[in-house]
Amino acid sequence: MNAIYAQLDRIGDLPVFSATVNHIRQISSSRETDAMALAIAVMKDANLTTKLLRLANSNFYNRGSGKITAISRAVVLIGFERIQNLCMTLKLIESFKEKEPGTGVEDLLVAAVLNASAARDLAASAGVRDIEETYICGLLYGLGEIVVAFTLPELYRSMLRERKHETRSWAEIQQEIMGGDFVTIGQDLAQSWGFPKSVVTTINPLGRPDGSSADGRVNHAIIAGCHQVFEHIYQRGHSDGREYASQIDALSEVTRQSPEKLEEQLHNSVREVCDHLEQYGLSHRTLMPPLRVSGNDALDETTRKIAYYVHSRQERKAEREEPEENGAADQQRLLALYNERQLYYLERLNDLMTEKAAATKILATAVEGIETSSSLDRVAFCLRSGSGDQLAAKLLEGENLEPLLGYFKLNRKDAESKLFFRILDRGVTLLVTDCKEAGWQQRLPAGFQKLVKPAGMILAPLVVSGKPIGLLYADKLEGSGAVEDRDFRVFNQFLVQCRIALDMGRHFEDKR
């Protein structure tokens, strides 16, 4: 604690707990306050004003109300309590933005925002009266760990290294290295910075806070439960599917809704946070959970849904940032149509995965999705058979498909087939943006160039549980131009989703 306070003294008063934020909290909680008084308090911080206006103009808050240029209108639109909590969130992120590499402070900030958002949504379902206080409690639940990672990065890094060994619990590591725990630090800091007792006592994962009201006890159960669920989803430390199931059951009981409904609500909370991360100044990378087979179908399904949505959001962001050549309106409309189709087919793959559909249906959907949502002209899946020595086109979409059907009847022993089996065996993706380039004209099989005549092509193996089952092929016809960056991204996204879906299907078959 002495080391932390010494560092905080050296840094100076943190903006998140500055006079501006405390003043905003006081004003927004007063019944006599009007929108202009709160707007004036916010406008004293220029950076905060800019970020709040961005959020107010986002699709989530501004649904057809025209562009919002005044903070007073944003206050009326969003609400006093929500403005207070947005200020707290923005200043927390601004104050503790990662300055030291390898400490994962940004991950902790995203976890705090995610925990706060999910807890508020679940508190509303549980009938908690002050759901905005639930948000603040959720936001500050991990305050102690954030402050330690920010002020004592070397110490925190050493704790993370110990955690990777999985020989001791996270609580034991805290006691051994710090001589205390994050809870004590978080509560001490929150109290010294003037937060009410109802917030301070909630920073306590070990049990219900003493002397709390009924709402306080429900708040604590929801906030601690959300934190633990996201710890499982994001694989922070050792966890298993049984612990996740127990946490979901406990949250289900306190919120009085089914586990399925609860998990859907958690997923929606992640989507909301994902859509706001840019305005918060945080990276989508930190919201992407690692995919795995945990042994718990519900956990794997929730993780996969979150990963899919975050990945799709990243793709849409990348497409918005692409330079617009010529600025043609028809190109914009075509891109919007491609994006709409891509989202539809990715969601269809998602549904097929949930339904545990047959592999053929999953593959056909991926092939159709690539062809429909990109400028690629032909797409085919070539099945590996005959002890791995034959490749034949089985599922095709696009125009002028006869050459593909005629060529892709390959045998490993034929010299003409060597390139395709090498890609299959090595598990690598081949991208040829322009087949007319001199280097590729010499390297691509002569019979392939003569019969298939691709202008550009992409070729990748489909590997399920470590075993290649075939090749995914896509190309552009002569005269259609080179393969574009977006074409490759679409192809790769469907390839990844298809692999995940087929892997999950194999997992379910193995269990049966």
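The sections below take these topics in turn.

## Basis

This is a predicted model, in which local features need pLDDT of at least 70 and side-chain atom pairs count only at pLDDT 80 or more, while totals for chains, interfaces and linings use all residues. Residues are numbered from 1 along each chain as its sequence is written, and side-chain values use heavy atoms, with hydrogens and water left out.

## Cavity

A search of the whole structure finds one cavity of 30 Å³ or more. A cavity is a set of points, on a 1 Å grid over the protein atoms alone, where a 1.4 Å probe fits but cannot get out; lining residues have an atom within 4 Å of a point. The largest cavity holds about 70 Å³, a volume being the space filled by probe spheres set on the points, which are joined across faces, edges and corners.

Its lining consists of Tyr61, Arg82, Leu86, Val113, Ser117, Arg120, Tyr135, Glu272, Val273, His276 and Tyr280. Two or more of the lining residues come from each of α6 (80–96), α7 (105–125) and α16 (259–280), and α16 gives the most, with four. Helices (H or I, at least four residues) and strands (E, at least two) are DSSP runs, numbered from the N terminus. By class, six lining residues are nonpolar, two polar and three charged; here Ala, Val, Leu, Ile, Met, Phe, Trp, Tyr, Cys and Pro count as nonpolar, Asp, Glu, Lys and Arg as charged, and the others, Gly among them, as polar.

## Sheet and packed helices

Six strands form an open sheet in the order β3-β2-β1-β6-β5-β4, with antiparallel pairing (two strands pair if DSSP finds at least two bridges between them). β3 (409–411) and β4 (430–432) are the edge strands, each pairing on one side only. Within the sheet, β1 (378–385) and β6 (467–477) are joined by six bridges; Val379 has Ala474 in β6 as its bridge partner.

Helix α19 (359–372) packs on the sheet and touches β1, β2 (390–398), β5 (454–464) and β6, at about 55° to β2. Contact means heavy atoms within 4.5 Å. Helix α21 (418–426) lies across β1, β2, β3, β4, β5 and β6, at about 125° to β6. Angles run from 0 to 180 degrees between N-to-C directions, with axes fitted to C-alpha atoms, for helices over the stretch in contact.

## Asp300

Asp300 belongs to helix α17 (297–321). The residue is buried, with a relative accessible area of 4% (buried means under 20%, with a 1.4 Å probe and protein chains only). Not counting residues up to four places away in sequence, Asp300 touches Arg292, Val293, Ser294, Gly295 and Met504.

Methods:
1 Å grid on protein atoms, 1.4 Å probe; cavity = no way out; pocket = protein on both sides within 12 Å on 5 of 7 lines; lining within 4 Å. Buried < 20%, exposed > 50% of the residue type's maximum accessible area, 1.4 Å probe, protein only.
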